[in-house]
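Please look through the sequence and the model shown here before reading on.

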Amino acid sequence: MTALIELQGTGKSFANRAVLQAVDLSLVPGRIVTLIGPNGAGKTTLVKIVLGLLQPDSGRVQRSVQLRVGYMPQKLHIDPTLPLQVERFLQFANTNSAECSAALERVGIAHLIKQPVSGLSGGEVQRMLLARALLRKPNLLVLDEPVQGVDVTGQQALYQLIGELRDELNCGILMVSHDLHLVMAATDEVVCLNQHVCCHGTPQQVSVDPEFVALFGAKTALYTHRHDHEHDLHSGIVNPSASVSCNHGSEPQNLPGERARPSDSKGGSESDV
Amino acid sequence: MYDFLYLALMAGLGVAIIAGPMGSLVVWQRMAYFGETLAHGALLGIALGMWFSWSNSVAVVIVCLLIAGVLIVFERQRLLATDTLLGILSHGSLALGLVALTLIPGARTDMEALLFGDILTVTMAEVGVVWLMAACVLFALWRLWPSLLAITVHEDLARVEGVRVDAVKAVLKLLLALVVAISMKVVGVLLITALLIIPSASARHFAKTPEQMAMLASMLAMLAVCAGLGASWWLNTPVGPSIVVNASLFFVLVLLFRGRGQ
């Protein structure tokens, strides 16, 4: 499959400090790639290079001629002095009001069309941003921390929506995330970034990679695969010797109902038995 | 018989119309301090204009553009926070302007008129300049309005969607410089920012869309100009400050009105 955008050996420094070194990244239609890494790992810089907002110092960036990017920024700060309704916010991307309504419908907030943007909750803002990205009719969605400020249930719903959109539009998706345990379940490929690409692959491969474990700690790696051990009904640990690999042996994205929560690995919930 | 009053009214209304949309943008983009800096720089512009016998408006616009340029260059260096830079430029140019005005040989300047406005001595030609410039600024704002709003909401998002962000921002600064140049005669360099932001701040409470806010702000500014001129006529107060006092009064009334409604 031809890549929508391909980065080879991309490097970028600010004030003589290397932020990215020799990063390779390829985004293809129908595939969700998630970028994870600690603060200062260069995630935002890499996203900006993909978006064309920054030029890399070294390396090659090749864009498909059909590339159309829908971008969902990390944070939306609208000054409360600006009176702006949701519909008007969407019209920056597309002035056709029927399409605006359809996009809102698709992300599940059609009822908010006349609401002021300043009154929306965190989850509603994220959905509105997603709707604006969709209005560009993109074949590549770039989502910078799409579930920021959303509660755990809402996060699951959003990741599910993103997965559905990928299937409907057959678009490539580049996601940036901090919350490792949830995002792992919703992604095809994980790229672990710490100025260079530490490791990449399926969530299963990455979570046992020594470099990943060194960066995020073994605990985090375990979270992403929920069951490193099992409990009996009295919360006793039944199988403490289980390795960090996924005991269930399934692709996490095939198990929408089984996404890991932090509490699952700690407590002795009955579903673990 | 009261020709000077009509001329003053015409000049004031011309500035008030433009103060609505421009003031709203200043409020949304948090450019109030930048506007203040340009206004103070205008004093330096007047001094330069006298020194070289240029027209005041031209000199003011040139100095404002220089200040905007210096600011853009220093912002890129990221050595100092923007508000620190603005503080330096703002007060530096104000002080330099005041010193330069007293050093000009043979020139007797009415400092108060420069600082607080002198709308009652406005000439027919000056009114013409005000309206011409106001029309140009309004036209530019109208053409750029969607882009200006888009970058107000989110710069990177606007850039990805194809807005030429840097160009639009540069034009906005230029337009603000023009507005400062034409407002100076009406309210003086110290009160220009007030005329821009106070009506917009009042209008915010009633507006549901950005355009409503801009238009309402224009109307409130026009009302403040009329009321200020009236107050000045009957109470014999200085016109520029009277206009700003009336604008502030409207703002307080809006607050009280809203407070009761809730």
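**Helix packing in chain B**

The axes of H1(B) and H8(B) approach within 10 Å and cross at roughly 145 degrees, where axes are lines fitted to C-alpha atoms, for helices over the stretch in contact, and angles run from 0 to 180 degrees between N-to-C directions. The model is a predicted one, in which local features need pLDDT of at least 70 and side-chain atom pairs count only at pLDDT 80 or more, while totals for chains, interfaces and linings use all residues. Residues are numbered from 1 along each chain as its sequence is written, and chains are lettered from A and ligands numbered from 1 in the order in which they are written. Helices (H or I, at least four residues) and strands (E, at least two) are DSSP runs numbered from the N terminus.

- H1(B) passes H8(B) in a left-handed crossing, a term used if the near helix is turned anticlockwise from the far one by less than a right angle, with right-handed used if clockwise.
- In this pair, B:Ala11, B:Gly12, B:Val15, B:Ile18, B:Met22 and B:Leu25 of H1(B) meet residues of H8(B) that include B:Leu172, B:Leu175, B:Val179 and B:Ile182, a contact being two residues whose C-beta atoms, placed from the backbone, lie within 7 Å.
- By class, the contact of H1(B) with H8(B) has eleven nonpolar, two polar and one charged residues; Ala, Val, Leu, Ile, Met, Phe, Trp, Tyr, Cys and Pro count as nonpolar, Asp, Glu, Lys and Arg as charged, and the others, Gly among them, as polar.
- H8(B), residues 165-187, also packs with H6(B), their axes coming within 9 Å and crossing at roughly 155 degrees.
- That angle makes H6(B) roughly antiparallel to H8(B), since angles under 35 degrees count as roughly parallel, over 145 as roughly antiparallel, 65 to 115 as roughly perpendicular and the rest as oblique.
- The crossing of H6(B) and H8(B) is left-handed, and the residues of this contact divide into 18 nonpolar, one polar and three charged.

**Contact between the chains**

- On the two sides of the interface, 18 residues of chain B are in contact with 18 residues of chain A.
- Four helices of chain B, namely H1 (3-28), H6 (124-153), H7 (155-160) and H10 (210-235), each supply at least two residues of the side that touches chain A, and the largest share, four residues, comes from H7(B).
- The residues on this side of chain B divide into nine nonpolar, three polar and six charged.
- A:Arg136, found in the loop between H4 (122-134) and S6 (140-144) of chain A, touches A:Arg68, A:Gly70, A:Ala93 and B:Glu161, not counting residues up to four places away in sequence.
- A:Arg136 counts as partly exposed because 19 C-beta neighbours lie inside 10 Å; a residue is buried if 20 or more other C-beta atoms, placed from the backbone, lie within 10 Å of its own, exposed if 12 or fewer, and partly exposed in between.

**Strands and sheet in chain A**

- Chain A has nine helices and nine strands, and 40% of its 273 residues count as buried.
- An open sheet of three strands in chain A has the order S2-S1-S4 with antiparallel pairing, two strands being paired if DSSP finds at least two bridges between them.
- S2 (17-27) and S4 (58-63) of chain A stand at the edges, each with a single partner strand, so one side of each is left without a neighbour in the sheet.
- The twist of this sheet averages 25 degrees from one strand to the next.
- S1(A), residues 5-14, pairs with S2(A) over seven bridges in the antiparallel sense, and A:Leu7 stands opposite A:Leu25 in S2(A).
- H1(A), residues 43-51, packs on the sheet and touches S1, S2 and S4 of chain A, its direction making about 125 degrees with that of S1(A).
- S8 (residues 189-194) and S9 (residues 196-201) of chain A run antiparallel and are joined by five bridges, with A:Val190 opposite A:Gly201 in S9(A).

**Positive phi values in chain A**

- Most residues other than glycine have a negative phi.
- A:Gln195, in the turn of the hairpin formed by S8(A) and S9(A), has a positive phi of about 70 degrees, and A:Gln195 is buried, with 21 other C-beta atoms within 10 Å.
- A:Asn170 has a positive phi near 50 degrees and lies in the loop between H5 (152-169) and S7 (172-176) of chain A.
- A:Asn170 is exposed, with 11 other C-beta atoms within 10 Å.
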